[in-house]
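Biologist: Please put the structure up, and then let us go through it by question and answer.

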Amino acid sequence: MRRGQEERMGFSEETIASVRGDSLPEIDVLLAASAPDGAAAVPAGAGRAPDPDRLFDIARLNKMLGQLPVSPAALPPGCAALAPRLLQVRLRIAAMNRKAMAVTAEASRALAGAGLRHAVMKGPFQQMAVHGDPLRRPSGDLDLFVAPRDRRRAAAVLQTLGFTPMEQEQALWWIPFLGEQHFRRESDGAVIDLHHRLQQAGLPDWRGAEGVLDRAATQIHEGAAIPVLSPPDGCLLMAVTLAKALLAHEPCGWAATELAHWLARLPPSDRQRLDGIAASAGQGHTLALGITLARACHDHPALAQGAGPLRDLPADPAVLRDLVFQPWQRRAEAPRRRQMLRMLAKGRPHVLVTEAARAALSLRVQRVVERRTKPSAR
């Protein structure tokens, strides 16, 4: 489970170059395959047929290869030859995620034994909660959340399991500004991201983030109780993830689809809880942004509620869909960093000022850290 291996391969300039231009037929295939209520029909437009190689690359960039069918008959015309490659992907996902689940259970037992509250944020257990299937998307690392005051103790517990801190030279930036620290175990390559905040510099802070530990749900895995995010918190985390991706101009079809599936499964009582949690966390506009992006990609009644127009965000669903799936096509229409913060902090000028200053300081510290580490990389 090497950290970010799939992402680094997928985001190479060569792959981006291979999918520049019209990818709408391929995106339509992905949207049909990942519809919240089951597979939808692929639109039969007058344009070209999906190209198999472009479909594979667009799906990989958006972390959605696991959404495509492995049966040749279920693939679009002309794409049946992808079936063996997709089967290999499924087998690799199965191997990675089974290992991830075992390591997650191991770390969870150790943290619980030390009396430390924690919750699994993403990965196979989240996929199980949303889809009833833990093998939808590869999990190369594990994301655990603990209260800020428990960060050091949790890190010490992970070290007793053989994990050692990674990127120590960048800790000055990762820990205070991104609210996370990465650990790797040499014996099996397992990686754990230990989070003590739910925010990224440049976006509004998630107030009262420790509340996710109070609301955590439980999944049973091989007799062990694994604390996971509650469905409302899972929805809100996906909205934050979409905001981060939009800010970084990263393809994020998987997150828009995940949010659509979350919302489609929420009962009315949890939908109301989600609105309340988002408001108290200062993430109301972030949730609206996430729902707007998900609605531009998927047509489902659950996405019709609670997402009015947002300032500085394009109104055209086709543009929004491109910002999700192929942001390199829409750099001119994408909100700028300051626009994003102003949009998500609307009505709270103190948040705008505070987070703008923190983002500027974050960039400055990042540059300092990079200058310090360059000589050692030679």
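Biologist: How many helices and strands does the protein have?
Modeller: This is a predicted model. The secondary structure of the protein comprises 16 helices and seven strands.

Biologist: Which value does the globule rule give for 378 residues, and how compact is the protein by that rule?
Modeller: The radius of gyration is 20 Å, close to the value from the rule, so the protein is as compact as a globular protein of that length. Its C-alpha atoms fill a box of roughly 60 × 55 × 50 Å along the principal axes. The value from the globule rule is 21 Å.

Biologist: What share of contacts between residues at least 6 apart in sequence joins residues at least 24 apart?
Modeller: A contact here is a pair of heavy atoms within 4.5 Å. Among contacts in the protein between residues at least 6 apart, the share that joins residues at least 24 apart is 71%.

Biologist: Is glutamate 169 buried, partly exposed or exposed?
Modeller: Glutamate 169 sits in the loop between strand S3 (163–165) and helix H8 (171–178). Leaving aside neighbours within four places in sequence, glutamate 169 is in contact with Val369 and Thr373. Buried means under 20% relative accessible area and exposed means over 50%. Glutamate 169 has a relative accessible area of 46%, so it is partly exposed.

Biologist: What is the phi of lysine 63, roughly?
Modeller: Lysine 63 lies in the loop between helix H4 (52–61) and helix H5 (83–113). At 24% relative accessibility, lysine 63 counts as partly exposed. Its phi is positive, in a residue other than glycine, with a value near 55 degrees.

Biologist: Where does histidine 249 lie?
Modeller: Phi of histidine 249 is near 55 degrees, a positive value in a residue other than glycine. Histidine 249 counts as partly exposed, at 24% relative accessibility. Its place is the loop between H10 and helix H11 (253–265).

Methods. Residues numbered from 1 in each chain as written. Predicted model: local features only at pLDDT ≥ 70, side-chain atom pairs only at ≥ 80, totals over all residues. Heavy atoms only, no water. Helix = DSSP H or I, 4+ residues; strand = E, 2+ residues; numbered from the N terminus. Rg over C-alpha atoms; globule rule 2.2 N^0.38 Å. Buried < 20%, exposed > 50% of the residue type's maximum accessible area, 1.4 Å probe, protein only.
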